[in-house]
Amino acid sequence: MEWIFEGIGTELLSLAIGAVVGGLTGYKIGVKNKAKQNQKAGKNSTQSQIGSVTINGK
């Protein structure tokens, strides 16, 4: 008789290790590609921004 859960422990372990490695890699890429912004304006300056905001996928 074959055990139905055979290999599930190995699968869970490899899933956890893959998530950790993938998360660390994604974090390092995100930190490396961080956008740098500079602002040059005097006192009492006004600033405008053009763009759109997406809320809840709408």
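Let's start with N44, which is exposed, with a relative accessible area of 82%. Keep in mind that you're looking at a predicted model. You'll find N44 in the segment after α1. Its backbone is worth a look too: the phi of N44 is near 55°, a positive value in a residue other than glycine. Most residues other than glycine have a negative phi.

Now step back to the whole chain. How much of the protein is buried? Of its 58 residues, buried ones make up 0%. As for the surface, the protein exposes about 6,500 Å², and 57% of that is supplied by carbon and sulfur atoms.

Next, move to the helix itself. Helix α1 covers residues 8–32, and I8 lies in it. I8 has a relative accessible area of 43%, so it counts as partly exposed: the band for that label sits between the 20% cut-off for buried and the 50% cut-off for exposed. N44, with its 82%, is exposed instead.

Together with L12 and L15, I8 makes a nonpolar surface patch of about 310 Å².

Definitions and conventions
Residues are numbered from 1 along each chain as its sequence is written. This is a predicted model: local features need pLDDT of at least 70, side-chain atom pairs count only at pLDDT 80 or more; totals for chains, interfaces and linings use all residues. Side-chain values use heavy atoms; hydrogens and water are left out. Buried means under 20% relative accessible area, exposed over 50%, partly exposed in between (1.4 Å probe, protein chains only). Accessible areas come from the Shrake-Rupley method with a 1.4 Å probe; for residues, only the protein chains shown count as cover. Patches are made of residues with over 30% relative accessible area and no salt bridge: like charges are joined within 9 Å, nonpolar side chains (Val, Leu, Ile, Met, Phe, Trp, Tyr) within 5 Å. A salt bridge is a side-chain nitrogen of Lys or Arg within 4 Å of a carboxyl oxygen of Asp or Glu. Helices (H or I, at least four residues) and strands (E, at least two) are DSSP runs, numbered from the N terminus.
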